[in-house]
Amino acid sequence: MWPTDFPADCPPSGASHPNENHYQIIKNDPPMWDDFVSLYHQNQILAQRRINTGRVNQCETMGLSTYTDIGDAVACFRQFPNLGDKIARLTLDQRAGKVQETPRDVGESHHTWWMPQYFAPTAFARVVAYRWQV
């Protein structure tokens, strides 16, 4: 069910099935597959740097950052404009994998989302905000 390169015990045992809307910063409208690539798969050197500093573990770098509060997503994309200029609402349920609360400096509602191997995230995502609107 999980990608074959996930480490053992990933997602962690404390993760649960999502049962609410999540918001994610993306670059495309409509959302495309490349909007849903983990830090680990985008840039393993940066992922390893974050692991080495103790900010995250390898499993977290293999998940995606989402927020349950759209205000937290807006604050994040204002602070980190290179992440993208759109916010997508993700309507996730148990088919979408697992999520776990992982609060960050920008956003107490931050979650890490781990997708199953053959999940199609674009079918569950819709752009709801653009940088120029907020």
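## Terms and basis

A residue is called buried under 20% relative accessible area, exposed over 50%, and partly exposed in between, as computed with a 1.4 Å probe on protein chains only. The model is predicted, so that local features need a pLDDT of at least 70 and side-chain atom pairs count only at pLDDT 80 or more, whereas totals for chains, interfaces and linings use all residues. Residues are numbered from 1 along each chain as its sequence is written, and side-chain values use heavy atoms, with hydrogens and water left out.

## Salt bridges and their accessibility

With a salt bridge taken as a side-chain nitrogen of Lys or Arg within 4 Å of a carboxyl oxygen of Asp or Glu, the count comes to three. In one of them, R95 meets D93 with an N to O distance of 2.5 Å; R95 is exposed at 52% relative accessibility, while D93, at 27%, is partly exposed. In another, the side chains of K86 and D85 come to 2.6 Å, N to O, and here K86 is buried because its relative accessibility is 12%, whereas D85 is partly exposed with a relative accessible area of 32%.

E60 and R104 also form a salt bridge, with their closest N and O atoms 3.0 Å apart. This pair links distant parts of the chain, since E60 belongs to helix α3 and R104 to the loop between β4 (98-101) and β5 (110-114), 44 residues apart; helices (H or I, at least four residues) and strands (E, at least two) are DSSP runs, numbered from the N terminus. E60 has a relative accessible area of 18% and is therefore buried, while R104, with 27%, is partly exposed.

D35 sits in the loop between β1 (21-26) and α1 (39-42).

A nonpolar core is a set of buried Ala, Val, Leu, Ile, Met, Phe, Trp, Tyr and Cys residues joined through side-chain atoms within 4.5 Å. The largest one has 13 residues, of which F36, L90, W113 and M115 touch the most other members. Strands β3 (86-91) and β6 (125-130) each supply at least two residues of this core. Apart from it lies another core of ten residues, including Y23, V74, C76 and A129. With residues up to four places away in sequence left out, M115 touches W2, P3, F6, F36, L64, A96 and P121.

In helix α4 (residues 70-79), the buried residues are D72, A73, V74, C76 and F77, and these pack against β1, β2 (64-67), β3 and β6. The N-terminal end of α4 is capped by D69, which places a side-chain oxygen 2.6 Å from the backbone nitrogen of G71. In the loop between α4 and β3 lies L83, partly exposed at 40% relative accessibility; residues that L83 touches, not counting those up to four places away in sequence, are I25, I26, K27 and C76.

## Cysteines

The structure holds one disulfide, a pair of cysteine sulfur atoms within 2.5 Å, and it joins C10 to C59 with an S to S distance of 2.0 Å. The link of C10 and C59 is right-handed, with 85° about the S-S bond. C10 lies in the segment before β1 and C59 in helix α3 (residues 58-61), so the pair ties together parts that are 49 residues apart in sequence. Both C10 and C59 are buried.

C76 is buried, with a relative accessible area of 6%.

Notes. Contact means heavy atoms within 4.5 Å. A polar contact is a pair of N or O atoms within 3.5 Å; within protein, one must be able to donate a hydrogen and the other to accept it, and residues adjacent in sequence count only if both atoms are side-chain atoms.
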